[in-house]
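Here are my notes on the model you sent over. Have a look at it first, then work through the points below.

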Amino acid sequence: MTATMRPNISACPACSAAPAAEALAEQAAQKDVRIALSVPGVHCAACITTIEKALAAHPGVESARVNLTLKRATVEAAPEVMPEDLVRVLEHIGYEAHELDAGTLSATETDRAGRELLMRLAVAGFASMNVMLLSVSVWSGAADATRDMFHWISAAIALPTIAFSGQPFFRNAWAALKHGRLNMDVPITLAIVLALVTSLWETSLSGKHAYFDAALALTFFLLAGRYLDHRTRAIARSAAEELAALEVPRAIRVEAGEERQVAVSELAVGDLVLVRPGGRMPVDGEIVEGRSEIDRSLLTGETIPVYGGPGQAVSAGEVNLTGPLTVRATAVGEDTSLHRMADLVAIAESGRSRYTSLADSAAKLYAPGVHILSALAFVGWYLYTFDMRTALNIAAAVLIITCPCALGLAVPAVTTAASGRLFRRGMLIKHSTALERLAQVDTVVFDKTGTLTAGTPEVMNLDQVTSRDIGIALALAQGSSHPLSVSLTAAARAAGFDAAEVEDITEVPGYGTRGRWQGREVRLGRAAWVEAPRLARTAAWLRVGDESPQAFEFTDRLRDGAEAAIVALKDAGKDVYLMSGDSTPAVEDMANRLGIPHWLAEALPADKAARVQAMADEGRHVLMVGDGLNDTAALAAAHVSISPASALDAARVASDIVLLGGDLSPIADAVRTAGSAVRRIRENFQIATLYNVIAVPLAVAGFATPLIAALAMSASSITVSLNALRLR
Amino acid sequence: MNVLTVLIPISLILGGIGLLFFVFTVRSNQYDDPEGDARRILSDQYDDKPKQ
């Protein structure tokens, strides 16, 4: 990758006269590292300047560049600069930032396919403008030799252009035909090729009508649709990559009993790696300490988690579900199943393919219909006139007139506008049909901890707890990714406590963590599990042996925009539910504060998924908003799902849309935008159909001229695009 | 009609120049951050060219 990506250092490739100097320069270049940061809050010219200045002022930073379109900052810096420091610098000036894995992202930055499409689009546009110029002269009365010359010049421009610009359609059509299927590209290819063949034939016979301009305009409009579609997909893909980049850039290496964060690429065979619950194995290896359940479903399709204990082999990409595991690496980097991890998101998404997108269902109706219509026109006219030339001309006219220009633009133009709008509000659409599914939503289910609340609860009563209990609680909490545990760990460490020696630590999902301390069982978890009284406030309970349980009380800060989002969703007529694994009083309190009518407390992961499934069986379309390990099943079961960027990676993989900022209010906006986007898409289909209803009889009857075809085609494509733009 | 032998090549050449220019802008990453570029022009800081 680096070898091909790095620009040639010598000014020209031929003058590599000083290879030694070049090697030196290259070494110097290698020393600098590139750090990519996701900065969801950047939105204005002032932000760009502020962020670039702040980053550049950090010692060791060579240069910093903000990309406003991608909401990303790229920093060239000396190797000793840690990404966390830069994140802190940005947080200090008031911008939320996340580190991204530059290695994973580099593939998107030079978006080869997108550039190729853009180039083909430009060539098609250039050619169609020139040919249109010549065609307009023909339509306005050029005759005889002049008309023939214009036609021949048009042919000379059109043939090479189509050969270059039409390639994506030809390739797709061929691939479909090879497998004995029909797709949208088959009628397109047929229309373009047939238009060229009949036009050449007509031209060679000094005929009056040639469709070179139509063939080029068709290619141009369809490529425009393809390009827009590609852009949306590329953004979604880069979002998926961005999330992948958020996921495993770092691993926790255990060195002489100390935990140290290192880049995954720095791990070597034989290293001990700590994997927390909810995290993915960064390496292939063997478990040396800890017991847990391991979810292999993403890799092998096994739905039931397998038990993991010392001596068992694990492979990279598996998700550790319950207990912290220490793994001795047996294979790292390229040798692991790490390459499969790149496909993880795609695999997770393929589960959603049962939803047929509007474009697909339209294509299913359209493709066979067009072929049959045009074949009927051909056969009919051939039987009527026994003139091959007339019949072929009319068949070509029918294919060109029914061209799916409007159809090809109908969906991409709208989704581009909609996802662009949502991206500016801080939402990444990961899945291409997520918008359409979001539009159908009638029930919204929220998780509480980490979703409606900021996910950073604070311990209230650390000073009222004995240091022995804090030590034990710290030992139990530090291996867990649960928000309460993370907060407890941070607070206890900040207060200077050390973890007690607790063995056999296991996390029981939905309940808590348990272990063995000085021969006695210790548990840290929910009230019911440690047989403690319930409190109105969110609390984690510690129970040492048979002693009376000790509470750690937390306060939850509501996320920004949580109230606004729920009010807006209720105003829009959606049913809002709250489902949480937290205690009843805490959940009830939250539900009352936010005015959520339906709530479910002390819900286990399976309960949440079952409730969502039950709602789906009732015919509801559920939007699940959740962030945690315990939400993953519900997120996957819901019709469409949203998770915040701070969510556990397992949850982010399972969800369709990711909220980049901490603010929840875009959710209601997203539902509304999705609704109007789908309305626009349907309107576009109606426009395309209406135009076909008018133009097709003309074509079949043999009245269509290249002028009519050109007018109708351009008019419908432009109406559809303008209609899509109304979304703003 | 002889004027056509001059006008048609001229129109093709002019269009071709436009196309080549477009190819150049694509090659030099000028479409990577359209929104940022639109805002940068408002900034006082001198910004010589898009990042390669």
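What percentage of the 728 residues in chain A is buried?

1. Burial and overall make-up. Buried residues account for 51% of chain A. Keep in mind as you read on that this is a predicted model. Chain A has 27 helices and 26 strands. If you take its contacts between residues at least 6 apart in sequence, 68% of them link residues at least 24 apart.

2. The main core. The largest nonpolar core runs to 139 residues, and A:Ala215, A:Leu218, A:Val398, A:Ile400, A:Ile401 and A:Ala410 have the most contacts inside it. Helix α26 (residues 666-700) of chain A gives this core its largest share, 15 residues. Domain 3 (112-236 + 354-415 + 676-725) and domain 5 (427-454 + 559-673) of chain A each put at least three residues into this core. As general background, nonpolar side chains in soluble globular proteins tend to be buried together.

3. A closer look at A:Ile401. Set aside the neighbours within four places in sequence, and A:Ile401 is in contact with A:Ala695, A:Val696, A:Ala699, A:Ala704, A:Ala709 and A:Ala712.

4. The other core. There is also a second, separate core, with 27 residues. Among them are A:Ala475, A:Ile505, A:Val522 and A:Ala539.

5. Helix α4. Which residues of helix α4 (residues 83-92) of chain A are buried? They include A:Pro83, A:Leu86, A:Val89 and A:Leu90. Looking down the axis of α4(A), you'll find its buried residues within an arc of 115°, so they line one face of the helix. The general rule behind such patterns is that an α-helix has 3.6 residues a turn, so residues three or four places apart point the same way. On the face turned away from the buried side of α4(A) sit the exposed residues A:Glu84, A:Arg88, A:Glu91 and A:His92.

6. Around α4. The partners that the buried residues of α4(A) pack against are β1 (33-38), α3, β3 (72-77) and β4 (98-100) of chain A. After α4(A) comes A:Gly94, with a positive phi near 95°.

7. Where the chains meet. How many residues does each chain bring to the contact? Chain A brings 21 residues and chain B 22 residues. On the side of chain A that touches chain B, α3 (45-57), β2 (61-67), α6 (112-139) and α7 (144-165) of chain A each supply at least two residues. The largest share of that side, 9 residues, is from α6(A). By type, the residues on the side of chain A that touches chain B are 14 nonpolar, 5 polar and 2 charged.

How values were computed:
Residues are numbered from 1 along each chain as its sequence is written. Chains are lettered from A and ligands numbered from 1 in the order in which they are written. This is a predicted model: local features need pLDDT of at least 70, side-chain atom pairs count only at pLDDT 80 or more; totals for chains, interfaces and linings use all residues. Helices (H or I, at least four residues) and strands (E, at least two) are DSSP runs, numbered from the N terminus. A residue is buried if 20 or more other C-beta atoms lie within 10 Å of its own, exposed if 12 or fewer, and partly exposed in between; C-beta atoms are placed from the backbone. Two residues are in contact if their C-beta atoms, placed from the backbone, lie within 7 Å. Ala, Val, Leu, Ile, Met, Phe, Trp, Tyr, Cys and Pro count as nonpolar, Asp, Glu, Lys and Arg as charged, and the others, Gly among them, as polar. A nonpolar core is a set of buried Ala, Val, Leu, Ile, Met, Phe, Trp, Tyr and Cys residues joined through C-beta atoms within 7 Å. Domain bounds come from an automatic or database domain assignment. The arc is that of the directions from the helix axis to the C-beta atoms.
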